[in-house]
Number of protein chains: 2
Amino acid sequence: MITSPDNQQLKTIRKLADKRHRARSGLFVAEGEDLVAAAEAAGIEPDVLLVAGVDVEPALLSAVSMLGSGTRVMGIYRQRWSAPGGRLSVYLEGVGDPGNVGTIIRSAHALADGPVTLGPGCADPYSPKAVRASMGSVFHRPPARAAFGELRGTTVALDARRGPPLSEVPVTGPEVVCLGAEREGLSEAALRDASAVAHIPLREGGPDSLNVAMAAAVALYERARMAADA
Amino acid sequence: MITSPDNQQLKTIRKLADKRHRARSGLFVAEGEDLVAAAEAAGIEPDVLLVAGVDVEPALLSAVSMLGSGTRVMGIYRQRWSAPGGRLSVYLEGVGDPGNVGTIIRSAHALADGPVTLGPGCADPYSPKAVRASMGSVFHRPPARAAFGELRGTTVALDARRGPPLSEVPVTGPEVVCLGAEREGLSEAALRDASAVAHIPLREGGPDSLNVAMAAAVALYERARMAADA
């Protein structure tokens, strides 16, 4: 039983709050019984598993929690990365909010067969907030990292206004739905080089755009529905 | 210029962090230039508007911020409530996360013409997190409060598994898409009394459900698309 805050495993967990340390070590932390169970269901073994009251004093575990008190279990895992691909997947540029990145990983796991591919400027999918928002999907469907130019298949760039409604662009084969940051949108290079540019129709007088995670869910739903109907 | 933390307006802002005080007073706080601009665009006047360096010492304004430091402007506004209605709207039960409630208010403003109607167990749409997540849509499209039995028109209850795919339920007139909490789903009473029960098709082997805000966005998109095609 760990009884000292100077324990090496607790020190590692504290360090993994830092994105640079996650990048250097290739490790990340999953907090809570649901996430640890999701890892197990995906057949992923932790490098370290700490259960409050069994492996570590509960107060010491709570003290290194990044998501709030009362954490009963924490695991240290190795980061895994997919290659881009699949019949349907998502590419993100400049999506800096880890909650959005994690939620999109969950939505893609539910609605598509390919990974979420992270382009420049995206939040770390292995940050505590992103892992939690993914609800464990990050274990089942690890994200990919690539530049827009490395994507294969049809690239459908979502823009707030440009192009036809998404439902009017036929699904012709494997495709990647591409989304940019909420205000800036996709880079001009992505919009220029994409196979198609399309928008999600919104009502007049409403917001200019949906939250990027909502737009991703709607787009994946629509493309999966169209592919099933085709 | 306010120079004391004991100022009455700052005290009011501090008290409005408490849900009970918001309920009693019928007031709420919007933080930040974007939200205050959204209120103005909606023609809503604040009861009090505090601009850092003009009306109040910047450090005192930051000290009462509920969303983090660096807030340059805060307004106190009166809560407004709609009646349920519209050709397309949303009803929520047990959605306790204020970020989800606010995001759904934004999505409904973008995709539907009716308000978000809050049933039992929902987060306060006028909490700081909900107001921020709404990105100002709460000013343009105030939420409603009602029990399931008070809804008018066709009620389409979303369930994780039951009923046909949502796209197979015809749109026949004004309707309310009904969603429950992420794990519990809608109450048995709502599922029993709804005009139709439907689900959003998800892939085999993926998550059991979408995040409730994703499900709401997908459902509103689908019903708006179907209504436009009808």
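Reply: This is a predicted model, in which local features need pLDDT of at least 70 and side-chain atom pairs count only at pLDDT 80 or more, while totals for chains, interfaces and linings use all residues. Residues are numbered from 1 along each chain as its sequence is written, and chains are lettered from A and ligands numbered from 1 in the order in which they are written.

Me: What makes A:C178 count as buried or exposed?

Reply: A residue is buried if 20 or more other C-beta atoms lie within 10 Å of its own, exposed if 12 or fewer, and partly exposed in between, with C-beta atoms placed from the backbone. A:C178 has 29 other C-beta atoms within 10 Å and is therefore buried. A:C178 belongs to strand β8 (residues 175–179) of chain A; helices (H or I, at least four residues) and strands (E, at least two) are DSSP runs, numbered from the N terminus.

Me: Which residues are in contact with A:C178, leaving aside neighbours within four places in sequence?

Reply: Two residues are in contact if their C-beta atoms, placed from the backbone, lie within 7 Å. On that basis, the partners of A:C178 beyond four places in sequence include A:Y91, A:T155, A:L186 and A:A194.

Me: Why are α5(B) and α9(B) called roughly parallel?

Reply: Two packed helices are described by the angle between their axes and the distance between the axes. Axes are lines fitted to C-alpha atoms, for helices over the stretch in contact, and angles run from 0 to 180 degrees between N-to-C directions. Angles under 35 degrees count as roughly parallel, over 145 as roughly antiparallel, 65 to 115 as roughly perpendicular and the rest as oblique. The axes of α5 (residues 98–111) and α9 (residues 212–229) of chain B cross at roughly 10 degrees and come within 9 Å. The two helices are therefore roughly parallel to each other.

Me: How many nonpolar residues does the contact of α5(B) with α9(B) have?

Reply: Ala, Val, Leu, Ile, Met, Phe, Trp, Tyr, Cys and Pro count as nonpolar, Asp, Glu, Lys and Arg as charged, and the others, Gly among them, as polar. Residues including B:I104 and B:L111 in α5(B) meet residues including B:A216 and B:L220 in α9(B). By class, this contact has ten nonpolar, three polar and no charged residues.

Me: Which residues touch the most other members of the largest nonpolar core?

Reply: A nonpolar core is a set of buried Ala, Val, Leu, Ile, Met, Phe, Trp, Tyr and Cys residues joined through C-beta atoms within 7 Å. Of the 138 residues in the largest such core, A:V90, A:L220, B:V90 and B:L220 touch the most other members. Not counting residues up to four places away in sequence, B:L220 touches B:L88, B:V90 and B:V177, among others.

Me: How many residues does each chain bring to the contact between chain A and chain B?

Reply: The contact takes 23 residues from chain A and 23 residues from chain B. On the side of chain A, α5 (98–111) and α9 (212–229) each supply at least two residues.
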